[in-house]
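Here is a short briefing on a protein model. Please keep the sequence and the structure open while you read.

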Amino acid sequence: MFSNQVGKRSNKVKNDVERGAVKKFAEAIGDLHPIYFDVEVGRNSRFKNNIAPPTFPRTFDYGVIDRLNLPTKGLIHGEQTFHYERPLVVGEEILCYSEVKKYFEKKGNFGEMGFLVLESFGEDLAGNTIFSSTSTIVISEAVRKVLTK
Amino acid sequence: MSTLTQLQVGESVKEIQLEAVSRIDLIKYAGASGDFNPIHTIDEEAKKAGLPGIIAHGMWTMGNLAKLFTPYFEEGFVKDYSIRFKGMVFLNDVITLKATLKEVEEPNLRFQVLALNQNGNEVLKGEVLFTKF
């Protein structure tokens with residue numbers, strides 16, 4: 001039911017790798033390394049600044065994919081990947097967008113499950129990709145029935 | 001602190017055992033990540049979704065797991081990080097984080113990473129490709 005959405009992209013949205021947001025995120029995952037928030041440690045590092053944890057892109061706004069109506073309930077996060085060209089640096093601006101990469105269905109323990117793979121990207125303002133990520137969302141048969149009503 | 005580059009294939013970095021998962025952990029993650037799905041914070045919503053109680057955000061555990069590599073930020077960076085969410089994490093679960101070096105292909109170190117609960121069940125399993133500078 002999502003097959004006709006494959007290839008659709010969101011608009012690009014500018015996001016800041018904001019100092020306070022990085023610190024709060026590092027605290028929330030219990031990764032209290034000073035490279036994420038101590039200005040002095042950042043300045044003396046090879047990055048000349050603080051960096052963000054690898055899963056920080058979870059916080060970004062990736063824009064809206066037109067008419068991709070995902071339910072707000074009953075979704076299962078099955079898999080997640082991140083690929084980096086380099087770590088994200090505090091203070092930089094990133095253009096983010098998402099794309100519907102693929103959709104397939106297969107039989108599982110709970111009936112016919114749908115698997116929706118969304119790929120997300122973060123670029124610098126010159127258009128160079130800094131990171132990409134994929135999220136595999138599992139949609140149960142029960143939820144899909146509600147959607148088609 | 002020992003370095004990742006001294007590690008031999010088959011060896012692991014020092015594992016981390018987290019404090020028992022608390023509601024405030026998940027409230028903080030909801031706020032910091034912007035993921036306010038109520039099955040992670042509100043009992044009634046979790047029950048309505050057919051769960052025995054609130055469950056941790058998968059991304060909370062995935063975020064925690066990456067900290068095994070943070071001490072080595074001057075040696076390299078996490079180039080690839082892939083995870084399969086294999087089991088749910090409930091309140092009061094005690095999660096242990098592990099990373100074992102599987103392969104060295106300069107400049108890349110390939111690790112298997114795992115998060116286990118107090119019963120030894122895998123809740124997250126995946127790989128980290130750590131690229132040396």
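Is Glu74(B) buried, partly exposed or exposed? Glu74(B) has a relative accessible area of 37%, so it counts as partly exposed. The model is a predicted one.

**Interface between chain A and chain B**

- About 2600 Å² is buried between chain B and chain A. Carbon and sulfur atoms give 59% of that area.
- Chain B puts 28 residues into the contact, and chain A puts in 31 residues.
- The size of an interface is often given as the accessible area lost when the parts come together.
- Three salt bridges are found across the interface of chain B and chain A.
- Glu79(A) forms a salt bridge with Arg84(B). Their closest N and O atoms are 2.8 Å apart.
- Arg46(A) and Glu74(B) also meet in a salt bridge through their side chains, at 3.8 Å from N to O. This pair crosses between chains. Arg46(A) sits in the loop between α2 (39-43) and β2 (75-84) of chain A. Glu74(B) sits in the loop between α3 (58-65) and β2 of chain B.
- Arg46(A) has 43% relative accessibility, so it counts as partly exposed.

**Salt bridges within a chain**

- Over all chains, the structure holds 19 salt bridges.
- Side chains of opposite charge can pair when their charged atoms come close.
- In chain A, Lys12(A) forms a salt bridge with Glu123(A), with the closest N and O atoms 3.1 Å apart. Lys12(A) lies in the segment before β1 (13-16) of chain A, and Glu123(A) lies in strand β4 (residues 111-123) of chain A. The pair therefore ties together parts that are 111 residues apart in sequence.
- In chain B, the side chains of Arg110(B) and Glu127(B) meet in a salt bridge at 2.8 Å, N to O. Arg110(B) is in strand β4 (residues 108-116) of chain B, and Glu127(B) is in strand β5 (residues 122-132) of chain B. The pair therefore ties together parts that are 17 residues apart in sequence.
- Arg110(B) is partly exposed, with a relative accessible area of 29%. Glu127(B) is partly exposed too, at 33% relative accessibility.
- Lys86(B), Glu122(B) and Lys125(B) are joined into one network by salt bridges that share partners.

**Helix α3 of chain B**

- Seven of the eight residues of α3(B) are buried, so this helix is largely enclosed by the rest of the structure.
- The buried residues are Met59(B), Trp60(B), Thr61(B), Met62(B), Gly63(B), Asn64(B) and Leu65(B).

**Ile42 of chain B**

- Ile42(B) is found in the loop between α1 (23-33) and α2 (43-48) of chain B.
- Ile42(B) has a relative accessible area of 38%, so it is partly exposed.
- Leaving out residues up to four places away in sequence, Ile42(B) touches Arg23(B) and Ile54(B).
- Ile42(B) and Arg23(B) are 19 residues apart in sequence. In space they are 9.0 Å apart, C-alpha to C-alpha.

**Cavity and pocket**

- Rolling a probe the size of a water molecule over the atoms shows where empty space is left.
- The count comes to one cavity of 30 Å³ or more.
- The largest cavity has a volume of about 180 Å³.
- 17 residues line the largest cavity. Nearest its centre lie Tyr36(A), Ile51(A), Pro54(A), Phe77(B) and Val78(B).
- Strand β2 (residues 76-85) of chain B gives the most to this lining, with three residues.
- The lining of the largest cavity divides into 15 nonpolar residues, two polar and no charged.
- The second largest pocket holds about 240 Å³ of space.
- 16 residues line the second largest pocket. Ile16(B), Lys67(B), Leu68(B), Pro71(B) and Tyr72(B) lie nearest its centre.
- The lining of the second largest pocket divides into seven nonpolar residues, six polar and three charged.

Key: Residues are numbered from 1 along each chain as its sequence is written. Chains are lettered from A and ligands numbered from 1 in the order in which they are written. This is a predicted model: local features need pLDDT of at least 70, side-chain atom pairs count only at pLDDT 80 or more; totals for chains, interfaces and linings use all residues. Side-chain values use heavy atoms; hydrogens and water are left out. On a 1 Å grid over the protein atoms alone, a cavity is a set of points where a 1.4 Å probe fits but cannot get out, and a pocket is an open set with protein on both sides within 12 Å along at least five of seven lines; lining residues have an atom within 4 Å of a point. Grid points are joined across faces, edges and corners, and a volume is the space filled by probe spheres set on the points. Helices (H or I, at least four residues) and strands (E, at least two) are DSSP runs, numbered from the N terminus. Ala, Val, Leu, Ile, Met, Phe, Trp, Tyr, Cys and Pro count as nonpolar, Asp, Glu, Lys and Arg as charged, and the others, Gly among them, as polar. Buried means under 20% relative accessible area, exposed over 50%, partly exposed in between (1.4 Å probe, protein chains only). Contact means heavy atoms within 4.5 Å. Buried area is the accessible area (1.4 Å probe) that two parts lose on being put together, summed over both. A salt bridge is a side-chain nitrogen of Lys or Arg within 4 Å of a carboxyl oxygen of Asp or Glu.
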